[in-house]
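Me: Hey, I've got a chain open in the viewer and I'd like to talk it through. Can we go over it bit by bit?

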Amino acid sequence: QQLHLDLNGCGKQQLQELHLNLRGCGNLTSVDELGKALAALQQLQQLHLNLSLCENLTSVDELGKALAALQQLQQLHLNLIWSLCEKTGAESLTSVDELGKALAALQQLQQLHLDLNGCGKLTSVDELGKALAALQQLQQLHLDLNGCGKLTSVDE
């Protein structure tokens, strides 16, 4: 299965708010192309992205890299809840380092809602910690790490 998102003709250069719900897309294995498309939305101020229950998603690295390009972003809601997928490949998401590095670049970010509930093989959130320390404009934070039983490091 493939997902094609074409924002041509809808003023993507001026798009300020985007809600994308891919909840339960069990055959989705990569969000690399989505990340590349998002990086082009330079004026985006609000992004709501629901990738919960995407059982075969193994990496959000390219998505993380793309987010760093969204310098006007003020609100980010990213849902990666895997809580109902404990017996599937969803638990193979082991790193959110690129996501953490990208967040540090979002100096306009005021609200961050990041749900990692049930990411059972996630071992470290150090880069997320470093990013949070760099976000001077951040006013609201929701970070859910419930069910991330393999976390060995939350140093930062």
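This is a predicted model: local features need pLDDT of at least 70, side-chain atom pairs count only at pLDDT 80 or more; totals for chains, interfaces and linings use all residues.

Me: Where is Gly26 found?

Reply: Gly26 sits in the loop between β1 and α1. Its C-alpha is 5.0 Å from that of Glu55, and the two are 29 residues apart in sequence.

Me: OK, zooming out. How many helices and strands are there in the protein chain?

Reply: The protein chain has four helices and five strands. Going along the sequence, the pattern is β-α-β-α-β-α-β-α-β.

Me: And what share of the residues is buried?

Reply: Of the 156 residues in the protein chain, 43% are buried. As for contacts with a separation of 6 or more, 86% are between residues 24 or more positions apart.

Me: What about the largest nonpolar core, how many residues has it got?

Reply: That core has 39 residues, and Leu47, Leu51 and Leu116 are the ones with the most contacts inside it. At least two residues each come from β1 (17-21), α1 (32-39), β2 (46-50), α2 (61-67), β3 (75-79), α3 (97-104), β4 (111-115) and α4 (126-134). The largest share, three residues, is from α3.

Me: Let's look at α1 then. Which of its residues are buried?

Reply: In α1 the buried ones are Leu34, Gly35 and Leu38. Looking down the axis of α1, they fall within an arc of 100°, so they line one face of the helix. Glu33 and Lys36 are exposed on the other side of α1.

Me: Why do residues three or four places apart point the same way?

Reply: An α-helix has 3.6 residues a turn, so residues three or four places apart point the same way.

Me: What do the buried residues of α1 pack against?

Reply: They pack against β1, β2 and α2. Take Gly35 in helix α1: it is in contact with Glu62, Leu63 and Ala66, leaving aside neighbours within four places in sequence. Gly35 and Glu62 are 27 residues apart in sequence, with their C-alpha atoms 5.6 Å apart.

Me: Why does Gly35 count as buried?

Reply: Gly35 counts as buried because its relative accessibility is 1%, and the cut-off for buried is under 20%.

Me: New topic: α3. Which residues are buried there?

Reply: Leu99, Gly100, Ala102 and Leu103 are buried in α3. Seen down the axis of α3, these fall within an arc of 160°, so they line one face of the helix. The buried residues of α3 pack against α2, β3, β4 and α4.

Me: At what angle do α3 and α4 pack?

Reply: The angle is about 10°, and the axes of α3 and α4 are 7 Å apart. That makes α3 roughly parallel to α4.

Me: Which residues make the contact?

Reply: From α3 there are Asp97, Gly100, Lys101, Leu103 and Ala104, and from α4 there are Glu127, Leu128, Ala131 and Ala134. By class, the contact of α3 with α4 has five nonpolar, one polar and three charged residues.

Me: And which residues of α4 are buried?

Reply: For α4 the buried residues are Asp126, Glu127, Leu128, Gly129 and Ala131. What covers them includes α3 and β4.

Me: Back to loops. Is Gln71 buried or partly exposed?

Reply: Gln71 counts as partly exposed because its relative accessibility is 37%. You'll find Gln71 in the loop between α2 and β3. Apart from neighbours within four places in sequence, Gln71 is in contact with Ala105 and Gln108.

Me: Last one: what phi does Leu53 have?

Reply: Leu53 has a positive phi of about 60°, although it is not a glycine. In general, most residues other than glycine have a negative phi. Leu53 is in the loop between β2 and α2, and it is buried, with a relative accessible area of 14%.

Notes: Residues are numbered from 1 along each chain as its sequence is written. Side-chain values use heavy atoms; hydrogens and water are left out. A nonpolar core is a set of buried Ala, Val, Leu, Ile, Met, Phe, Trp, Tyr and Cys residues joined through side-chain atoms within 4.5 Å. Buried means under 20% relative accessible area, exposed over 50%, partly exposed in between (1.4 Å probe, protein chains only). Axes are lines fitted to C-alpha atoms, for helices over the stretch in contact, and angles run from 0 to 180 degrees between N-to-C directions. Angles under 35 degrees count as roughly parallel, over 145 as roughly antiparallel, 65 to 115 as roughly perpendicular and the rest as oblique. Contact means heavy atoms within 4.5 Å. Ala, Val, Leu, Ile, Met, Phe, Trp, Tyr, Cys and Pro count as nonpolar, Asp, Glu, Lys and Arg as charged, and the others, Gly among them, as polar. The arc is that of the directions from the helix axis to the C-beta atoms.
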